[in-house]
Amino acid sequence: MKEFLRKIDKTIRNKIRVIIWKQWKTFWTRYNNLLKLGATKQNAWRTAGCRKGYQYVCHTATIQATITNEKLKISGLTQALILYSEIH
């Protein structure tokens with residue numbers, strides 16, 4: 001059950017990263033937000049200008065390093081495994 005919940009958590013976090021990336025529609029919005037989250041100028045420029053799909057971009061190192069699990073947790077995303085362990 002724990003491994004199943006880890007996979008679900010991973011999928012949910014990736015989907016949320018995709019939603020965030022879709023909300024930043026334009027190049028300059030993506031670039032500026034990546035800089036605000038701590039990406040270097042070069043990495044932000046490359047990632048914001050990437051023409052690949054949403055899933056591909058959200059699996060890059062720049063997105064993984066800027067939209068971290070801790071930042072998602074601060075914004076209110078709780079892990080299913082933690083909730084499960086509290087109940088059982």
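A pocket here is an open set of grid points where a 1.4 Å probe fits, with protein on both sides within 12 Å along at least five of seven lines, and its lining residues have an atom within 4 Å of a point. With that in hand, let's look at this structure, which is a predicted model.

**The pocket**

The largest pocket is lined by D9, I12, R13, N69, L72, K73, L77, T78, Q79, A80, I82 and L83. It holds about 160 Å³ of space. Sorted by class, that lining comes out as six nonpolar, three polar and three charged residues. Which helices each supply at least two residues of the lining? They are α1 (2–23), α6 (69–74) and α7 (80–87).

**The overall fold**

Of the 88 residues in the chain, 30% are buried. If you take contacts between residues at least 6 apart in sequence, 61% of them join residues at least 24 apart.

**The core**

The largest nonpolar core has 14 residues, and W21, W24, L34, I63 and I67 have the most contacts inside it. Two or more residues each come from α1, α2 (27–36), α3 (41–48) and α4 (54–58), with α1 giving the most, at three residues.

Setting aside neighbours within four places in sequence, W21 is in contact with R30, L34, T47, A48, Y54, V57, C58 and I63. Two of those partners, L34 and I63, are also on the list of residues with the most contacts inside the core.

**The cysteines**

How many disulfides does a search of the whole structure find? It finds zero. A disulfide is a covalent bond between the sulfur atoms of two cysteines. The cut-off used is a pair of sulfurs within 2.5 Å, and the sulfur of C50 is 10 Å from the closest cysteine sulfur, in C58, so that is too far for a bond. Seen from the other end, C58 has its closest cysteine sulfur in C50, also at 10 Å. Their surroundings are summarised here:

| Cysteine | Relative accessible area | Class |
|---|---|---|
| C50 | 24% | partly exposed |
| C58 | 1% | buried |

C58, the buried one, is also among the contacts of W21.

Note on methods
Residues numbered from 1 in each chain as written. Predicted model: local features only at pLDDT ≥ 70, side-chain atom pairs only at ≥ 80, totals over all residues. Heavy atoms only, no water. 1 Å grid on protein atoms, 1.4 Å probe; cavity = no way out; pocket = protein on both sides within 12 Å on 5 of 7 lines; lining within 4 Å. Points joined across faces, edges and corners; volume = space filled by probe spheres on them. Helix = DSSP H or I, 4+ residues; strand = E, 2+ residues; numbered from the N terminus. Nonpolar A, V, L, I, M, F, W, Y, C, P; charged D, E, K, R; others polar. Core = buried A, V, L, I, M, F, W, Y, C linked by side-chain atoms within 4.5 Å. Buried < 20%, exposed > 50% of the residue type's maximum accessible area, 1.4 Å probe, protein only. Contact = heavy atoms within 4.5 Å.
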